[in-house]
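Please open the structure in your viewer and keep the selection panel at hand.

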Amino acid sequence: MQLVLDTEQQQLRSTVRKLLADHNHVRSVVDGDESYDRVLWRHLAELGLTGLVVPEEHGGAGAGHVERCLVLEELGRALAPVPFLASAVLAVDALMALGDTGLLPALASGERIGAVAVSGVDGSWGPAPVAATERDGGWVLEGTAPFVISGDVADVFVVYTESGWFVAEDARRTPLTTLDPTRGQAKLEFSATPARRLDTADPAAVLEKVRDLASVALAAEQVGGIAKVLETTVEYAKVRVQFGRAIGSYQSVKHACADLYSTSERAESLLRHAAWVADHEPEALPLAAATTQVFTGPAYFAAAASGLQLHGGIGYTWEHDAHLYYKRAKSSELLFGGQDEQLARLAGRLAEVR
């Protein structure tokens, strides 16, 4: 098992970090009218990052999940407002798991943006409340899919229904106001919308595979966020002076920063293992993904809350980014199911391996 990054992987991380330092405009989305950072998305596509795990014969880079997670870590560190999780993870993984390659080149190049509808009316992971009906030798979709990640900017929709998986290229999109202003969500309305059925022997098994891979990808974002919270909080503790001395010299602040460091290290270790498993031992992925998400979700939120508190009053201002990490942490913790659901999922995975 390789848990230490090799030279090429370290170079990839450095390249993405520099790109984000130069071109990430999160405030243009948070404070402006843009739904996502189009310039940054174009740069990511030009570097081939939007199709990292797509095979070369379908226009991608043919890299692994370890490499994709490195990119996601950096995107999470920077709170990059781009539809990477929706398009380069959820949509790509769903189509690859279903063996449907026709749209992969367009998604890999960033020319088109994909979104996956896998939420019920209560936000739980499962079939979208959309009916699929055969009509005139084809299929049409009727219904409303709620809580679709980046559904407000996508133009390719992979929809999981009680009748299986479908791809549609049209929908009425209604952006949703959510806790996290850096990641858009939308309600998709289908009205006799033409769709193509994606045949598979076991649609539910595909759903589980997509969820496992998405859990690891989300954990990568969370690990990046934890690392950034640690970095900015420690730096602030060094320069913020109170009662004649830097607040980082007080024991209680030292302990809090040490806890942040410990959290960051444990989360990164779990992520490295899960990403490696996704590439080399896919049969062990369900357990690794569940274990990782059970830890990283609450850990990121606890870290963001601690960082916000240690920044004091300035951390609560709109101009400071601390509240953005806090909001991203909480929304990410609930994105694929709350803590009770994640624990139940882990318990089920442990029962399977006994």
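Q222 lies in helix α7, where helices (H or I, at least four residues) and strands (E, at least two) are DSSP runs numbered from the N terminus. Not counting residues up to four places away in sequence, Q222 touches Q293, T296, G297, Y300, S332 and E333, a contact being heavy atoms within 4.5 Å.

Before going on, please note that this is a predicted model, in which local features need pLDDT of at least 70 and side-chain atom pairs count only at pLDDT 80 or more, while totals for chains, interfaces and linings use all residues. Residues are numbered from 1 along each chain as its sequence is written, and side-chain values use heavy atoms, with hydrogens and water left out.

Next, select helix α7 (residues 203-239) together with helix α9 (residues 285-310), whose axes come within 8 Å and cross at roughly 25 degrees. Axes here are lines fitted to C-alpha atoms, for helices over the stretch in contact, and angles run from 0 to 180 degrees between N-to-C directions. That angle makes α7 roughly parallel to α9 (angles under 35 degrees count as roughly parallel, over 145 as roughly antiparallel, 65 to 115 as roughly perpendicular and the rest as oblique). By class, the contact of α7 with α9 has 16 nonpolar, nine polar and one charged residues, where Ala, Val, Leu, Ile, Met, Phe, Trp, Tyr, Cys and Pro count as nonpolar, Asp, Glu, Lys and Arg as charged, and the others, Gly among them, as polar.

Since F301 lies in helix α9 and Y326 in helix α10 (residues 322-335), the pair ties together parts that are 25 residues apart in sequence. Y326 itself is partly exposed, with a relative accessible area of 30%.

Now move to helix α4 (residues 65-78) and helix α8 (residues 251-280), which pack at an angle of about 140 degrees with their axes 8 Å apart. That makes α4 oblique to α8. To see the contact, show H65, V66, C69, L70 and E73 in α4, which meet L271, R272, A275, W276, A278 and D279 in α8. The residues of this contact divide into seven nonpolar, one polar and three charged.

From there, select H58, found in the loop between α3 (38-46) and α4, which counts as partly exposed at 22% relative accessibility. Leaving aside neighbours within four places in sequence, H58 is in contact with T101, L104, P105 and A108.

F147, placed in strand β3 (residues 138-149), has a positive phi of about 55 degrees although it is not a glycine, and it counts as partly exposed at 36% relative accessibility. F243 is in the loop between β8 (241-242) and β9 (245-246); its phi is positive and near 55 degrees, and at 72% relative accessibility F243 counts as exposed.

Technical notes. Buried < 20%, exposed > 50% of the residue type's maximum accessible area, 1.4 Å probe, protein only.
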